[in-house]
Amino acid sequence: AYDDKHIELYLKLMDACADRASEEEMALDVLGIDPVKEPIRARKALRSHLKRVLWFMHEGHKELLPSRPPQ
């Protein structure tokens with residue numbers, strides 16, 4: 001349920017990484033956290049979400065896709 005709710009965020013972070021956005025840009029543009037005003041919160045939130053994105057890319061996406069029998 002958590003991942004279903006955050007899939008759009010994951011996709012935005014994946015796009016930002018592909019575009020080689022800085023952590024500061026991702027925190028502000030994707031998460032809406034100003035890294036100048038709240039550097040610790042921005043860094044922690046971004047890195048936490050990026051960890052979840054990596055997990056999602058390698059394992060979690062399987063839970064969102066319907067399982068199909070092998071053909």
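**Note on charged side chains in this model**

1. Glutamate 38 and arginine 41 form a salt bridge, and their closest N and O atoms are 2.9 Å apart. A salt bridge here is a side-chain nitrogen of Lys or Arg within 4 Å of a carboxyl oxygen of Asp or Glu. Glutamate 38 is partly exposed at 33% relative accessible area, and arginine 41 is also partly exposed, at 45%. For these labels, buried means under 20% relative accessible area, exposed means over 50%, and partly exposed lies in between (1.4 Å probe, protein chains only).

2. This is a predicted model, in which local features need pLDDT of at least 70 and side-chain atom pairs count only at pLDDT 80 or more, while totals for chains, interfaces and linings use all residues. Residues are numbered from 1 along each chain as its sequence is written, and side-chain values use heavy atoms, with hydrogens and water left out.

3. How many salt bridges does a search of the whole structure find? The search finds three. Another of them joins lysine 12 to glutamate 8, with 3.4 Å between the closest N and O atoms. Both residues belong to helix α1 (residues 2-18), and because they are four residues apart there, about one helical turn separates them. Helices (H or I, at least four residues) and strands (E, at least two) are DSSP runs, numbered from the N terminus. Lysine 12 is partly exposed, with 42% relative accessible area, whereas glutamate 8 counts as exposed at 52%.

4. Glutamate 23 forms a salt bridge with arginine 47, and here the closest N and O atoms are 3.2 Å apart. Glutamate 23 is in helix α2 (residues 23-31) and arginine 47 in helix α3 (residues 39-64), so this pair ties together parts that are 24 residues apart in sequence. Glutamate 23 counts as partly exposed at 31% relative accessibility, as does arginine 47 at 43%.

5. Glutamate 24 is also found in helix α2. Its relative accessible area is 48%, which makes glutamate 24 partly exposed. The C-alpha atoms of glutamate 24 and arginine 43 are separated by 8.0 Å, and these residues are 19 apart along the chain.

6. What lies over the face of tryptophan 55? Arginine 52 does, at 4.3 Å from the ring centre. A charge sits over a ring if NZ of Lys or CZ of Arg is within 6 Å of the ring centre and within 35 degrees of the ring normal.
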